[in-house]
Amino acid sequence: MNSSSFQFARLLLAAVLVLPAAAAQELKPIDLPKPRTEGGKPLMQVLKERATGREFRDEKLPPQVLSNLLWAAWGINRPDSGRRTAPSASNRQEIDIYVATADGLYLYDAKAHRLQPVLSDDIRALTGSPPFVREAAVNLVYVADYAKMGKAADQDKAVTAAANTGFIGQNVYLFCTSEGLATVFRGMAGRDELAKTMKLRPDQKITFSQTVGFPKK
């Protein structure tokens, strides 16, 4: 091999090695539209119609709908104090919402109302065993940060985190009912594998997940 051929081979190898890293960097933060907090169905009607749906169309949520969904779930409704649309024990706000879509995995930043990129891979299939998780627009993965929960025993933290996640999940149910979306709140199988893929710390614990999307008609 002459010197020019050797140099070309080196450049080609370097390009191949760089491609995965470059692809991973393509996922960028998403500034969500300002949430629309007016309108929607009356509360009593939404409670009457609330239901679980397990059949979804393979169709993305429009940015405005995703924005409204995340704000309703766990957004800041009192900017002066930073308090949220769902309660948390001692206002520790230990629950994080990870948003798994066809484009990748994001973390919802409520303060900036932004999606922060985590992974460029489509990991929807890892969020549960039912086939519909691969098709629905969004799978919300709820993660409790035990580091924010003081010195209580892990068993007590798990109970508190489950309750706080349930409040958020009910917000999602009510929003979806009002907007004509389908949703199902799910227990998790394969938490360890998913946590590893999401690169969570040992003191970050997956509690539940929730699938959201357009219903099949």
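A pocket is here an open set of points, on a 1 Å grid over the protein atoms alone, where a 1.4 Å probe fits, with protein on both sides within 12 Å along at least five of seven lines; its lining residues have an atom within 4 Å of a point. Grid points are joined across faces, edges and corners, and a volume is the space filled by probe spheres set on the points. The model is predicted: local features need pLDDT of at least 70, side-chain atom pairs count only at pLDDT 80 or more, and totals for chains, interfaces and linings use all residues. Residues are numbered from 1 along each chain as its sequence is written, and side-chain values use heavy atoms, with hydrogens and water left out.

**Pockets**

| Pocket | Volume | Lining residues | Nearest the centre |
|---|---|---|---|
| Largest | about 450 Å³ | 17 residues | Gly39, Trp71, Ala72, Phe175, Ser178 |

Helices (H or I, at least four residues) and strands (E, at least two) are DSSP runs, numbered from the N terminus. In the largest pocket, α2 (43–49), α3 (63–74) and α4 (154–179) each supply at least two lining residues; α4 gives the most, with five residues. For the second largest pocket, β1 (30–31) and α3 each supply at least two.

In the classes used here, Ala, Val, Leu, Ile, Met, Phe, Trp, Tyr, Cys and Pro are nonpolar, Asp, Glu, Lys and Arg are charged, and the others, Gly among them, are polar. The lining of the largest pocket has six nonpolar, seven polar and four charged residues. That of the second largest pocket has 12 nonpolar, one polar and seven charged residues.

**Strands**

Two strands pair if DSSP finds at least two bridges between them. β1 is antiparallel to β6 (residues 114–119), with two bridges, and Ile30 has Leu115 in β6 as its bridge partner. β6 also runs antiparallel to β5 (residues 104–109), to which five bridges join it; here Leu105 stands opposite Leu119. β5 and β6 form a hairpin with four residues between them, and His113 in the turn has a positive phi of about 45 degrees.

**A residue of helix α4**

Thr165 belongs to helix α4. Thr165 is buried (under 20% relative accessible area, with a 1.4 Å probe and protein chains only; exposed is over 50%, partly exposed in between), because its relative accessible area is 0%. Apart from neighbours within four places in sequence, Thr165 is in contact with Ile95, Tyr142, Phe185, Thr207 and Phe208, where contact means heavy atoms within 4.5 Å.
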